[in-house]
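Okay everyone, thanks for coming.

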Amino acid sequence: MGVEDLPLVGEDPVLDFVNTVDDPGAESELDYLTDYQQVVDICCRAGLLSSDIRARLWVEMQRNAARASEAFDEAIALRDRLRSLFLSILGRPTLQEAAIAHLDNLVREAIQHRVLDIPDGHRCARLRWQATDDFVRVPLWEIATNALDLLCNEDKMNRLKVCANDPCQWLFLDYSRNGKRRWCSMAECGQQAKVKRLRERRQAGKQ
């Protein structure tokens, strides 16, 4: 399964980006991001990048392959540090200070590359990315600025949860009616937990 088929269950684009690795840190770890193009693809699927930006990034990726490779490495580092930050907020012992510092640096960098613009025929202003030799870093900037928005949203952060299947570590916002959602996906981790409980009960009955 590639990023084009990856379930988007986080209820937030930043969490969907963070959820691009199964069982992080375990022997069964499976990373769905293996190159820069896949980072762009998942950002587009999650709604962090428009189709126009995607087309520009394709051109820049061909023109600046080395910078795109560097941006990919940093995207993976950002993903892992964001996971650490969210897990620390949920009470797990992780390196929160390093994650905050990394995010802060990227947000500051992103702000320097945005300009205010009012397109012809429009009444509303918008922020757009400047043309720059570092344009391949736009996915990093979008992830960082959207992560900041998420972290500053009290309602969303109060809904933040991690999948109850410990190896999984996928994150999501719980919008269930009773606020008791436990699994990233009932069809995956939820079903695995049911099968495990059934197997344990059967084994206990044989003893």
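One term before we start: buried means under 20% relative accessible area, exposed means over 50%, and partly exposed is in between, using a 1.4 Å probe and protein chains only. Keep in mind that this is a predicted model, where local features need pLDDT of at least 70, side-chain atom pairs count only at pLDDT 80 or more, and totals for chains, interfaces and linings use all residues. Residues are numbered from 1 along each chain as its sequence is written, and side-chain values use heavy atoms, with hydrogens and water left out.

Let's begin with salt bridges, meaning a side-chain nitrogen of Lys or Arg within 4 Å of a carboxyl oxygen of Asp or Glu. How many salt bridges does the structure hold? There are 15.

Take Glu-109 and Arg-137, whose side chains form a salt bridge at 2.6 Å, N to O. This pair ties together distant parts of the chain, 28 residues apart: Glu-109 is in helix H5 (residues 96-111), while Arg-137 is in the loop between strand S4 (126-129) and helix H6 (138-151). Helices (H or I, at least four residues) and strands (E, at least two) are DSSP runs, by the way, numbered from the N terminus. Arg-137 counts as buried because its relative accessible area is 14%.

Another one is Asp-117 with Arg-128, at 3.5 Å, N to O. Here Asp-117 is in strand S3 (residues 114-117) and Arg-128 in strand S4, 11 residues apart. Arg-128 has 36% relative accessibility, so we call it partly exposed.

Now over to helix H4 (residues 65-89), where we find Arg-79. Is Arg-79 buried or exposed? It's buried, because its relative accessibility is 2%. Arg-79 has a salt bridge to Asp-80, with the closest N and O atoms 3.4 Å apart, and Asp-80 is partly exposed at 30%. Those two also belong to a salt-bridge network with Asp-31 and Arg-83.

Arg-79 also makes a side-chain polar contact with Thr-20 at 3.1 Å. A polar contact is a pair of N or O atoms within 3.5 Å; within protein, one must be able to donate a hydrogen and the other to accept it, and residues adjacent in sequence count only if both atoms are side-chain atoms.

Last stop: Leu-173, in strand S6 (residues 171-173). Leu-173 is buried because its relative accessible area is 0%.
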